Amino acid sequence: MTVKEIFETMDYGPAPESAAEALQWIADKGGIAGHYIDGKFGPLRDDFPSTNPATGERLAGVTKGTEAEVATAVKAARKAQSAWAKDHHKRARVLYAIARQMQKHSRLLAVMETLDNGKPIREARDIDVPLAIRHFYHHAGYAQLMSDELPDREALGVCGQIIPWNFPLLMLAWKIAPALAMGNTVVLKPAEYTSLSAMVFCEICTAAGVPPGVVNIVTGDGETGAALVAADVDKIAFTGSTAVGRIIRQQTAGSGKALSLELGGKSPYIVFDDADLDSAVEGLVDAIWFNQGQVCCAGSRLLVHEGVADRFYAKLKTRMNTLRMGNPLDKCIDVGAIVDPVQLDQIKQMVGDNTEGDNFQTAAPEGCFYPPTLITGLSPASTLMQEEIFGPVLVSTTFRTPAEAVEIANNTRYGLAASVWSENINLALDIAPKLVSGIVWVNGTNMMDAAAGFGGVRESGFGREGGWEGLQGYTKPKAAQKPAKPIAPYTSEDGTPADPLDRTAKLYIGGKQARPDGGYSTPVFNPRGKLLGHVSDANRKDIRNAVEAMNAAKGWAKTTGHLRAQIIYYIAENLNARADEFAARIKSMTGKSGTAEVDAAIQTLFSAAAWADKFDGQVHGVPIRGVALAMKEPVGKIAALCDDTPLLGLVQAMAPAIAMGNRITLVASHAFPLAATDFYQILETSDVPAGVVNIITGDPAALASDIAKHLDLDAVWSFSPRDLAETIERESAGNLKRTWVTQNPTLKETLHAATEVKNVWIPYGE
Amino acid sequence: MPTATTTATQAAQLPQVHLPRNDGMPLDLDWVASVQANTSAIERRAATLPGRRSVKKDYQAAWLCKAISLMDLTTLSGDDTEARVRRLCAKARQPVSPAILEKLDMEGLTTGAVCVYHDMVETAVAALDGTNIPVAAVSTGFPAGLSPFHLRLQEIRESVAAGAKEIDIVISRRHALTGNWQALYDEMREMREACGDAHVKAILATGELGTLRNVARASLVCMMAGADFIKTSTGKEPVNATLPVTLTMIRAIRAYQDRTGTMVGYKPAGGISKAKDALVYLAMIKDELGDRWLQPDLFRFGASSLLGDIERQLEHHVTGAYSAQWRHPIG
């Protein structure tokens, strides 16, 4: 077209970014992407191709890592780890150097990302790459501060990291920066579709002076990933689908490997009738058409106040028509290519299978593209309202009241992110804490930063990436745990009661003493074989009842820290009043003085009560005009298997849990259960609301499985010396509940385990 | 009724088309009260737009020519003289050197209008005789708008009588700042009335309205009262046209069209001095309002120094060499 013609049409025209430099870079590497182990590239093999999804053209061959190659990489990482962990300032310098190097090669990284993934160059250039760089800068700071600010934490060791294809470089940064900052070394596997920016990153590592073995990259597919999961690593950090996350949870069960999972989502995007609707429409562009909707935290579930829904949908459709789709290297493109035809087929199939609601789609070019799509008139029961599509498809329904908005928003197995649009600060800040998700954006969406933790709840996984909270996942307590030996209950052939008056302890569920469902009891003997009494044998139905009781006590999470502190102090007071009795009970079961244990239990109660209104969240320094509130929320409903200190074992799990607003079901020491059952009376006289604390007795090995399988529990803890980790971790995969298998945790660690950080982003300005 | 989705080609075939004027509507205070404008979100959209839209090569040259055709070439200084105004009008007739326009095949390109004070209207009209370039007059006690109301109306009538085809009025900011929307509506109504057949542009002086919400409300009230254009600034406020203000105002224009079917024009003024800025504004208008708004009857730049930068960019496009300011005739 001539200038004169364009003057009339006012079309945008092509504005392509050149791919020449990036393609030359690949050619210079022999056209192959492969491993970077111990500071050196290789071996490089052309095992499968990597293609540009926008054109279908081959970009490079990719090496499929073998088990042996993974093992070599892990060995190199192991060898490098202790030296790397020694000098925090050196780590800070190296991380800073990585950031600088990335900045120097930012355009190469951006173009490579667009070629490999199909995302618009605008996003790679303005979002992915700057944010990845920001992570290294920010974490250079954590490396520098680690010895001062985290004096009782140390590196985990070697971290195996598996990342997805949607943000290849950014996810690499999110994984590698915190791991390295805390003194770990890593073996990272990029996604099979997108290995190329990781290759550039390897070169950057060499240039930045990363010691050999500290960063190792092994390319490959799912099998390579499985080999890494099975390898001799101390942690697996995985970002990807919930299905694969679940498999990794099962495969690492009982291995002692730490695990963090950042999985799928179906994040609600809630628009109230007093919102700035035009801005909320624009927000959706960034929520669901950003990166073609291939974003785990995509605002994919639109919930609109019924009264404004038609107007909102009309505005949204108008906006969708101005989205420009096409060559991702064009600087004037909003929506690029889907990462791979396989993914495209999956999106097509999911949308094709849907028969409900009204579809609105714009046009898409030929090839691996899918048009921006809006499906209105769905209900929460619709498949597409529940299942993650991972494409540019927005599904929608309406709500009538704020309460209904929350109910629909939380009606999901996921819990990664949520957006709330309202000009009413009271409404927005009331809704944010009620949403079950790791991140809430008020009048915004997809805001991310290295200073604020990213991660979800429920089946969106566990662990946080970014912020101080993200460092927990890459460190462990310095104090080595001395594993206790399990104590078997005393047995006796004799059975003579120590006291002729029979006492059979029931279970404590929902504030009442309840007979066990199964109707069985077990005798408890003292060390000399005298019968002390009977305790109930709980089974899975008693667990079910305890969970129901915890559900009924949901108001506890909303009580003030001050109130919870008062109740916990009251428990301490009542225990103190009966200290001699409990000490005697402990002595009767264990044969050893119980005085010190009772005293320690009272101290623990005081400490937990003290923390109840002081375990504060943070306000993160994110680069917006606004705040990111890192709010500590209770994890929810916890089941804990106690250790064999009869009273303290119970209290050390219970007190911090309820102090933070959780409800808890405690499985008492199997060997010495009677202090726990005596404790019912303390709870009953201390104003603890029914269902907040439930205590059951029985065989921990059997109960551990029932607890871990229960889909309505948020966390399971085991402080028991019995080896229950494998069972608990494997069975927890059903709803990906948080698991914590440890012994003698500190109060501070327990407070961390009892809380989850929710980052609420609140931009402001009038 | 043309809509926002009227294609560019259709519009191009009707270059002189004037849409039905905005006759306004009764003041709807419920609508005014319900207006929302989320500043942070609007700023984010404005901040990311330049990165989302890029116009290169011939397209850029064409867009810059378009910007010239949409320009109210302006002089609003206390030291304006008749000779100075004639010089400006000469520049409006020939905004870019003929050699460059010839290479672009864009001969005959002129600015959208010339904008002057009342005293200079007759001079400008005479200087532009034989062209289709209208003269716009700033009026109503510009820039503060605080002279006696009857004099402000009289000023409009005299400018129209002197030959101004467009009148840029200033609103009483105090009405917006105190929420007296009825007063703003009544004032605007009377000014529109005084304009007769001349088109009226309502200058909101957004830099003095305090919040984007006020900008959105004032935009709506002025449109309800019959403004043909809404305009950001006099150029004399501490902050003049900005992208967030633009987004707020054109969203109000869109809302008004959705409600009434009437298309109202938009004029950002003050502070737009770079060719790159002009491209960003055009992209924002194109994306938010549609191609139909990229015509002089619905969009104008109020600018005095923008043209110089565009000329240099056009010469660069034609020659491949970066240009110098002194190579281009001044206005």
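Tutor: Two strands count as paired if DSSP finds at least two bridges between them, and this is the test to carry through what follows, in a model that is predicted.

Student: What makes β2 and β3 of chain B a pair?

Tutor: Strand β2 (residues 113-117) and strand β3 (residues 135-138) of chain B are joined in the parallel sense over four bridges; because at least two are required, the two strands pair. Tyr117(B), for instance, stands opposite Val138(B) in β3(B).

Student: In what order do the eight strands of the open sheet in chain B follow one another?

Tutor: The order is β7-β6-β5-β4-β3-β2-β1-β8, with parallel pairing, and from one strand to the next the twist averages 25°.

Student: Why is one side of β7 and of β8 in chain B left without a neighbour in the sheet?

Tutor: Each of them, β7 (265-267) and β8 (301-303), stands at an edge and has a single partner strand, so one side of each lacks a neighbour in the sheet.

Student: Which strands does β12 of chain A pair with, and how do you know that?

Tutor: Five bridges join β12(A) to β13(A) (residues 299-305), the two running parallel, and three bridges join β12(A) to β17(A) (residues 417-421), also in the parallel sense; because the requirement is at least two bridges, both count as pairs. Val271(A) has Val304(A) as its bridge partner in β13(A), while Ile270(A) stands opposite Val420(A) in β17(A).

Student: What makes β12 of chain A mostly covered?

Tutor: Five of its five residues are buried, each therefore having 20 or more other C-beta atoms within 10 Å of its own. Ser267(A), Tyr269(A) and Val271(A) lie on one side, and Pro268(A) and Ile270(A) on the other.

Technical notes. Residues numbered from 1 in each chain as written. Chains lettered and ligands numbered in written order. Predicted model: local features only at pLDDT ≥ 70, side-chain atom pairs only at ≥ 80, totals over all residues. Buried ≥ 20, exposed ≤ 12 C-beta atoms within 10 Å, placed from the backbone. Axes fitted to C-alpha atoms, helices over the stretch in contact; angles between N-to-C directions.
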